[in-house]
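Good morning, and thank you for coming.

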Amino acid sequence: MLYNEPDFVNVKSMLELACASEGVHVLFLLKFHCELNFIEQCWGHTKYACHARRFMDAYHMGLTGRQAAWASKKY
């Protein structure tokens, strides 16, 4: 209830004030939103790259596509 009062809504946080004094713009993003958070985008790309590498490794060892998919998911 208190957070919705105009006195509190229009006040900048201590972090924003400290960064503004140094000339840095602060942009707050949603914590775990994969499309807006740069760290989540990097993590998603890394997971995809690791999965693709496991699949290709299994495929190069002589497994068929279906077997490589099973092996990369299982291990």
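This is a predicted model: local features need pLDDT of at least 70, side-chain atom pairs count only at pLDDT 80 or more; totals for chains, interfaces and linings use all residues.

Where is Asn 4 found? Asn 4 sits in the segment before α1 (6-9); helices here are DSSP runs of H or I with at least four residues, and strands are runs of E with at least two, numbered from the N terminus. Residues are numbered from 1 along each chain as its sequence is written, and side-chain values use heavy atoms, with hydrogens and water left out.

Asn 4 is exposed, with a relative accessible area of 60%. On this scale, buried means under 20% relative accessible area, exposed means over 50%, and partly exposed lies in between, with a 1.4 Å probe and protein chains only. Between the C-alpha atoms of Asn 4 and Gly 23, which are 19 residues apart along the chain, the separation is 28 Å.

Glu 16 and Val 26 are 10 residues apart in sequence, and their C-alpha atoms are 6.3 Å apart in space.

The loop between α2 (14-21) and α3 (38-60) holds Leu 29. Leu 29 is partly exposed, at 42% relative accessible area. Together with Leu 27, Leu 30 and Leu 36, Leu 29 makes a nonpolar surface patch of about 410 Å². Such patches are made of residues with over 30% relative accessible area and no salt bridge, with nonpolar side chains (Val, Leu, Ile, Met, Phe, Trp, Tyr) joined within 5 Å and like charges within 9 Å. A salt bridge is a side-chain nitrogen of Lys or Arg within 4 Å of a carboxyl oxygen of Asp or Glu.

Let us now consider helix α3. From first C-alpha to last, the 23 residues of α3 reach 33 Å, close to the 33 Å expected at 1.5 Å a residue; the expected span is 1.5 Å times one less than the number of residues. After α3 comes Gly 62, with a positive phi near 105°.

How many aromatic pairs does the structure hold? There is 1 aromatic pair. The ring centres of Phe 55 and Tyr 59 are 6.2 Å apart and the planes are at 10°, so this pair is stacked. Rings of Phe, Tyr and Trp (its six-membered ring) pair if their centres lie within 6.5 Å; planes under 30 degrees apart count as stacked, over 60 as edge-to-face, and the rest as tilted. Phe 55 and Tyr 59 are 4 residues apart in helix α3, so about one helical turn separates them. Phe 55 is partly exposed at 26%, and Tyr 59 is partly exposed at 45%.

Conventions
Accessible areas come from the Shrake-Rupley method with a 1.4 Å probe; for residues, only the protein chains shown count as cover.
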